[in-house]
Amino acid sequence: MGVLSEAEISHQNTIYEATAPAVMYVAGILAHPAAMTRRPYRDSPIRATLLGWLASTLHDVSEEIVARSEEYFPGFLTRSTTVAAFRDPRPMLYRAVAPFLHDGHEDVCEAAVIAALLLAEHPAVPRPF
């Protein structure tokens, strides 16, 4: 199996088969010390970038976007869809994001808060604020 490109994971607000496993992987590496490595030419840790991508992807399956999609594509969220598979693990994703809600690096904290707010739409996720 080759390396997936970002376009194979999500592109223009579309969720693909590879999106859910990629999100789970990103959630799994957020706490790794290497995630605090600074990105070249920016004073921002890789963790902030990962959390930002996670938040962006979560927006693509937010309640608002899904409701709008259901209007035009009934059945968009049935149990067997790629979107449903991505939305189901939101409580686990919240547990991966929560430790960074009060991170000392502003970019990490901001990205974690945005991701947590999107995850908090799920009824099994504790309200972060």
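Helices (H or I, at least four residues) and strands (E, at least two) are DSSP runs, numbered from the N terminus. This is a predicted model: local features need pLDDT of at least 70, side-chain atom pairs count only at pLDDT 80 or more, and totals for chains, interfaces and linings use all residues. Residue numbers start from 1 along each chain as its sequence is written, and side-chain values use heavy atoms, without hydrogens or water.

**View 1. Seven helices and two strands make up the protein chain's elements.** Along the sequence, the order is α-β-β-α-α-α-α-α-α.

View 2. The accessible surface is about 7,600 Å² (Shrake-Rupley method, 1.4 Å probe). Carbon and sulfur atoms hold 59% of that surface.

**View 3. The axes of α6 (residues 90-97) and α7 (residues 106-119) come within 10 Å and cross at roughly 160°.** Axes are lines fitted to C-alpha atoms over the stretch in contact; angles run from 0 to 180 degrees between N-to-C directions. The crossing angle therefore makes α6 roughly antiparallel to α7 (over 145 degrees). The crossing is left-handed: the near helix is turned anticlockwise from the far one by less than a right angle.

**View 4. Residues where α6 meets α7.** On α6, the contact residues (heavy atoms within 4.5 Å) are R90, L93, Y94 and V97. On α7, they are A112, A115, A116 and L119. By class, this contact has seven nonpolar residues (Ala, Val, Leu, Ile, Met, Phe, Trp, Tyr, Cys and Pro), one charged (Asp, Glu, Lys and Arg) and no polar (the others, Gly among them).

Definitions and conventions: Angles under 35 degrees count as roughly parallel, over 145 as roughly antiparallel, 65 to 115 as roughly perpendicular and the rest as oblique.
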